[in-house]
Each structure stands twice: as C-alpha cells, then as structure tokens.
Amino acid sequence: MRVDIIGGGPGGLFLAVLLRRYGIADDVRVFERNGPETTYGWGVVFPEGALDELGRVDPATHAAIVAAGTTWTPVDVRYRSSRLLVNGNRFHGVPRAALLAILRDTATGLGARVHHHHRVESLDDHSGADLVVGADGVNSVVRRAHEDVFRPEFEQSAFRYVWYGVDKVFPYFTYIFRDTEWGRFHGYCYPSGQPWSSMIIHVSEETWQRAGFPELDEKESVRRCEEIFAADLDGRPIRSNGAPWANFRQLSCATWHHRDVVLIGDAAHTAHWSIGSGTRLAIEDAIVLADELRAGSGSLTDALARFERARMPRVEKFQQAARRSERYFENLHRYTDFEPTQFAYQLVARSWRITHADIAARDPEFSARFDGWFHSRATGRQAQLAPPPAFAPLWIGGLHLENRLVSEAGTPGTLGSALVLDPEPGPVNRAAAPACRRLPLADDPGSYRELARQAVDDGCAMLLLDLCAEPWPEPAAGPPERVLAALDSLRAAWPSPRPLAVALGPDPAGPRSTGSGPLVALARRLAEHGADLLLLEACGAADEPSDVLQLADAVRNEAGIAVMVDDALRTLDQIHTVLAAGWADLCVLRPAPTETGVVS
C-alpha cells in the first residue's frame with residue numbers, strides 16, 4: 001500500500017511514523033513545501049493529557065518529546081498592578097523545530113520518505129497512491145481539490161495576533177494585560193525548555209489600527225511591541241521569524257474524506273490557539289486514522305468513514321471550548337471592574353473545560369482564598385472557612401436569598417434551593433424557600449393589577465414576566481411597546497421592595513451573526529422599566545450547557561443587571577463555576593433525570 005501525505009507538520013509526520021511502525025503501508029511518502037530547518041512558530045504547548053495518546057501508541061517518541069521540552073503547572077496572571085499565580089493544568093512546552101525533528105527522524109528511520117521543498121499544486125501527481133492524506137494546514141491544497149465535497153466553512157476572528165519569540169525565560173504560562181494610549185494589548189508567554197520563550201500578542205482590530213501597525217514594517221512592529229511590554233520583558237528583545245499579524249480562522253468541514261483522500265489536522269479543522277490544542281488534535285487524528293486503517297475490516301472508504309465518525313464529535317467539542325476561550329479574550333472590556341482574584345479565576349475557567357472542583361484540586365490555597373473573597377463580598381464580613389459560591393447569600397431588590405440555587409417546584413433539586421420557580425397556584429408554603437410566580441404576557445396590561453395582588457396574598461416573593469414565547473425583536477427595533485407597557489403595569493402593581501424579573505429564551509445561535517449587543521440593549525431597556533433580574537433560558541432540551549451562558553455573561557457584565565441562568569446545569573460544581581466566573585448571579589439546578597437529589 002502506498003500512502004502520500006501532503007504536509008510535513010506534526011500530524012502528517014506522526015501519521016507516517018504509525019503507518020510504518022504498524023506495517024500498514026510499505027510505501028509512505030511525505031511532501032513538505034518548506035525545508036527541514038524552516039518552521040513558522042516558536043514553542044508548541046501540550047495541555048494536560050494531550051500527550052497521553054501519543055505515549056500509549058509510541059512510548060519512545062513520547063519520551064523524546066518530553067525530554068526535548070519542559071513541564072509546568074502554574075499560570076501567571078498579570079492584571080493591572082497585580083500578579084497572581086494559580087496552580088492549574090499541567091502543561092508541556094517543546095520547541096516546534098525540535099518536535100518536527102523528532103517526528104521526522106523517527107519517520108525516516110522507519111522507512112518513510114520525506115521530500116522537502118516540494119510544493120504540491122495538483123493531486124494529479126499523486127494518482128498512483130492508494131491513499132492521499134491532506135495534512136497541509138488551513139490553506140490545504142488537498143481540501144481545495146475537492147472543495148465541493150468537503151464544503152469548508154470559515155469563521156474569522158475580529159482580533160489580530162502575531163507569534164514571536166523573546167529572549168527571556170518565562171517559567172510558566174504568563175498572561176499579560178497592558179493598557180496603552182491606543183487600547184489594551186494581551187500578551188501570552190510560555191517556555192519550551194530553551195533560553196527563550198514564545199510570545200503571542202493579541203489585540204483588537206481597532207487598537208491595532210490606532211497603534212499604527214498597518215504602517216509599520218516587521219522591525220518597527222517588533223520595536224513597538226517591545227515598548228508596550230517593556231515592564232515584563234526586562235529589556236530583553238523580541239524575535240521575529242517573519243510571521244505576519246493575522247486574524248485566526250476557525251475551519252469546519254462537512255466531511256473529512258472523499259474516495260481515497262482524507263484530511264487531518266488543520267486541513268480539516270482548526271481550534272483557536274488560546275486553548276493550545278491544534279497540534280494535539282492533529283496528532284490524535286493521526287492516531288485514530290492509523291488505528292482504523294490497521295483494523296483491516298472493510299474497504300479503505302469504510303476505514304475513512306469510521307475515522308471521521310470517531311473524531312468529528314471530539315474535535316467539535318474542542319472547537320466549542322476554543323470559541324469560548326476566544327470570545328473571552330475578545331470581550332475583556334466586560335471585566336475591567338473585576339478584582340484581580342476573580343479576573344484570574346475567570347481566565348482559568350474561560351473555556352468551560354476547567355471547573356471549580358478542578359481548580360480546588362489543583363490549587364487548594366487559591367480556591368480557599370477565592371471562596372473567602374466571594375463570600376466576604378456577598379456578606380460584608382470575613383469567614384475563616386467560607387463555603388463555595390453557590391452557598392453565598394444574595395440580595396435581589398428587597399429580597400434576601402440564603403444561597404444562589406434556584407429550582408422548579410416539584411423537581412429533585414427543590415430541597416436546599418433559595419428560590420423556587422413556578423409554585424403551584426394558591427398560597428405558597430411560607431416555611432419553604434421564597435417563591436417566584438411566572439406570568440405570561442397579557443394583552444391587557446391592566447390585568448396585572450389583580451394578578452399582582454393575588455401573588456402578594458399568596459405569599460410570592462418575586463414575579464417573573466415570561467417572554468420566552470415572544471418573537472425575538474430585531475436588533476434595531478428594541479422591545480415591543482406591549483412588553484414595556486406590561487412591565488410598567490407590573491412594576492406599578494407589585495410592591496417595590498419585592499423584585500420583578502423577566503424571562504427570555506434567546507436562540508444561542510443568533511449571536512454568532514449579530515453578537516450579544518441586541519440582547520444587552522434589550523436588557524438595559526427592561527431594567528429602565530423596572531426589571532431587577534433577567535432569567536435566560538436555553539431553547540429546548542439540552543444535555544449540557546450551551547452558549548446561553550455566554551449571553552448571560554454579556555448581559556450581567558455589560559448591561560449591569562442581575563442574571564439568573566437556566567441552561568442544563570446538572571451539578572453544584574457547574575454552578576459554582578458559573579457564579580465564581582461572574583457569568584451569572586443565580587442558577588437553576590436541573591439534576592440529570594436519573595438522579596434523585598441534589599448533585600454535589
């Protein structure tokens with residue numbers, strides 16, 4: 001069997017290693033357009049667990065990669081004038097050039113042929129191969145040859161970034177945030193076991209333009225970055241290998257294979273560099289593809305189909321996490337008022353892959369300090385041993401809640417919740433948690449006077465105007481007048497110390513094209529008309545949290561209104577994370593259907 005691999009990056013080279021090591025192909029050829037000494041980029045970071053699969057299938061290569069780099073766990077967050085260390089994930093950094101050399105030497109040692117300075121213009125030159133693998137990156141020639149089948153879709157970031165090296169050893173993953181006369185610059189530095197570190201600089205398009213970068217050549221651009229981060233570089237120079245400022249492009253394809261052609265790595269999919277998984281995903285693609293080819297059951301097309309079925313769902317989860325991470329950095333303006341402790345916490349938890357329990361396990365001291373800070377902010381007093389965030393009290397209007405947990409009447413999570421939604425009609429149990437009654441949007445606003453009076457008599461502590469069934473307003477239109485009239489009528493009829501809430505069921509797919517701006521503007525208008533709280537509910541049933549959490553974050557931290565979120569939060573750990581990161585103020589706990597009580 002002959003396999004032609006187009007692209008000599010980590011994914012393509014490791015696939016060549018496995019094809020020869022397993023004896024899958026007797027003729028493996030790798031075609032790389034650059035020379036063996038050419039590499040764009042500096043260090044490669046593998047997050048915790050990213051090398052586990054590689055170690056399972058090739059212990060010797062794994063050992064060589066580990067020996068060529070360095071490992072660390074702390075994350076260094078430099079924000080305002082503060083510096084916080086959080087002992088988070090285990091990371092391993094290795095020079096990209098060293099990684100490629102290890103994989104290339106291993107592949108050629110096993111009999112693969114690597115052709116450098118070979119630019120592939122057409123797949124016609126590879127018609128003699130039994131299998132052609134496109135491992136040639138986001139600008140893949142292989143993918144373009146069958147674009148009508150692969151159907152790629154790109155989503156381009158609004159921010160720019162550039163990948164440099166710096167003659168200073170940062171011992172940890174270091175996040176630096178510097179405010180300048182032009183705007184905020186983000187710097188991400190990390191080691192690779194060398195006397196230099198990698199440095200990625202990330203900035204909004206507006207700030208990049210104001211700082212004059214479009215008019216600067218490469219050397220001038222480097223000098224300006226050295227000036228911006230001078231306090232962190234200790235006068236050490238920044239190095240450039242010619243990589244330009246760029247906008248990250250997230251790529252997804254409808255399919256990854258066609259006849260005897262298959263895509264892996266960045267040719268098939270990309271994930272934002274801020275979660276450090278591009279190389280990991282390419283290597284894991286190579287492992288699974290080799291496993292399916294090795295299985296030998298069915299035709300080649302069957303093996304490629306099994307590879308795609310196995311990998312695509314996992315890659316999509318990484319892409320979702322990467323989108324969350326990317327959006328976090330693009331929306332840092334929301335958190336300028338955050339205290340450094342919460343700022344650092346949110347940064348660590350930004351992709352939703354690290355939870356409150358993870359942070360507590362990896363850095364108990366920071367976690368305890370954070371819980372104490374969160375509880376003291378909620379109570380105004382210090383606690384020697386503070387509970388986690390879900391059990392901190394909260395005031396909404398004139399209503400004092402003992403904790404941040406909400407449940408629906410009759411659900412398993414009701415016990416222990418500070419607020420119960422949708423109690424049965426009639427008088428509520430005054431010995432139980434405060435009750436919040438849901439009211440539909442009425443055609444006659446005057447009818448709310450009697451509904452509010454009855455709710456007071458029944459002992460309800462909060463009213464909730466339910467707009468979930470209402471059409472989502474056009475971005476420029478704002479809330480319909482009938483909604484504002486209903487809210488005005490309710491606010492006039494409902495005793496002012498008692499809070500008034502509004503429920504919305506936004507489509508989380510909408511903001512991908514329109515942004516969260518319309519929802520933030522709507523929230524502000526509702527607050528002007530008396531709403532104390534906004535409840536954001538996921539549309540339809542969901543098995544895991546969706547992008548509604550990101551909308552809640554936008555509303556809470558841009559509109560300045562308290563937010564309750566109902567988004568398939570199954571465990572207390574998830575809720576602790578949401579509250580601690582500042583994405584919401586209250587959370588509806590919905591234990592999984594198989595569980596009979598509160599999940600701890």
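User: What is the strand order in the open sheet of six strands?
Analyst: In this predicted model, the order is S6-S2-S1-S7-S16-S15, and the pairing is mixed.

User: Which strands are at the edges?
Analyst: Strand S6 (113-115) and strand S15 (257-258) are the edge strands, and each of them pairs on one side only.

User: How do S15 and S16 run, parallel or antiparallel?
Analyst: S15 and strand S16 (residues 261-263) run antiparallel and are joined by two bridges. His 258 has Val 261 in S16 as its bridge partner.

User: And what sits in the loop between S15 and S16?
Analyst: Arg 259 is found there. Its phi is near 55°, a positive value in a residue other than glycine. Most residues other than glycine have a negative phi.

User: Is Arg 259 buried or exposed?
Analyst: Arg 259 counts as exposed because its relative accessibility is 62%, and the cut-off for exposed is over 50%.

User: Which other residue has a positive phi although it is not a glycine?
Analyst: Arg 80 is one, with a phi of about 55°. Arg 80 is placed in the loop between strand S4 (70-79) and strand S5 (82-95). At 43% relative accessibility, Arg 80 counts as partly exposed.

User: Changing topic. Which strands close into a barrel?
Analyst: Eight strands do, in the order S19-S20-S21-S22-S23-S24-S25-S26, with parallel pairing. On average, neighbouring strands of this sheet are turned by 30° against each other, direction ignored.

User: Which helix packs on the sheet and touches S23?
Analyst: Helix H18 (residues 517-528) does, touching strand S23 (500-504) and S24. The direction of H18 makes about 155° with that of S23.

User: What about H19, which strands does it lie across?
Analyst: H19 lies across S24 and S25, and runs at about 175° to S25.

User: How many bridges join S19 to S26?
Analyst: Two bridges join strand S19 (residues 405-408) to S26, and these strands run parallel. Val 406 stands opposite Val 588 in S26.

User: And how do S19 and S20 pair?
Analyst: S19 and strand S20 (residues 419-421) pair in the parallel sense over three bridges. Ser 407 has Val 420 in S20 as its bridge partner.

User: How many bridges join S25 to S26?
Analyst: Three bridges join strand S25 (residues 562-569) to S26, and the two run parallel. Val 565 stands opposite Cys 587 in S26.

User: What do S25, H20 and S26 make?
Analyst: S25, helix H20 (residues 572-580) and S26 make a right-handed β-α-β unit.

User: Which way do the residues of S26 point?
Analyst: Leu 586 and Val 588 point one way from strand S26 (residues 586-589), while Cys 587 and Leu 589 point the other way. In a regular strand the side chains alternate between the two faces of the sheet.

User: Are those S26 residues buried or exposed?
Analyst: All of them are buried.

User: Now helix packing. At what angle do H3 and H4 cross?
Analyst: The axes of helix H3 (residues 59-68) and helix H4 (residues 96-109) cross at roughly 155° and come within 10 Å. H3 and H4 are therefore roughly antiparallel to each other, as angles over 145 degrees count that way. H3 passes H4 in a right-handed crossing.

User: Which residues make the contact?
Analyst: On H3 the contact is made by Thr 61, Ala 64, Ile 65 and Ala 68, and on H4 by Ala 98, Leu 99, Ile 102, Leu 103 and Thr 106.

User: And H15 with H16, at what angle do their axes cross?
Analyst: The axes of helix H15 (residues 448-458) and helix H16 (residues 481-493) cross at roughly 40° and come within 9 Å. H15 and H16 are therefore oblique to each other. H15 passes H16 in a right-handed crossing. Tyr 448, Arg 449 and Ala 452 in H15 meet Ala 486, Ser 489, Leu 490 and Ala 493 in H16.

User: One more residue: where is Glu 284?
Analyst: Glu 284 is in helix H10 (residues 278-295). Glu 284 is buried, with a relative accessible area of 5%.

User: Which residues does Glu 284 touch?
Analyst: Not counting residues up to four places away in sequence, Glu 284 touches Ala 50, Arg 311 and Arg 314.

Key
Residues are numbered from 1 along each chain as its sequence is written. This is a predicted model: local features need pLDDT of at least 70, side-chain atom pairs count only at pLDDT 80 or more; totals for chains, interfaces and linings use all residues. Side-chain values use heavy atoms; hydrogens and water are left out. Helices (H or I, at least four residues) and strands (E, at least two) are DSSP runs, numbered from the N terminus. Buried means under 20% relative accessible area, exposed over 50%, partly exposed in between (1.4 Å probe, protein chains only). Contact means heavy atoms within 4.5 Å. Two strands pair if DSSP finds at least two bridges between them. A crossover is right-handed if, with the strands pointing away from the viewer, the path from the first strand over the helix to the second runs clockwise. Axes are lines fitted to C-alpha atoms, for helices over the stretch in contact, and angles run from 0 to 180 degrees between N-to-C directions. Angles under 35 degrees count as roughly parallel, over 145 as roughly antiparallel, 65 to 115 as roughly perpendicular and the rest as oblique. A crossing is left-handed if the near helix is turned anticlockwise from the far one by less than a right angle, and right-handed if clockwise.
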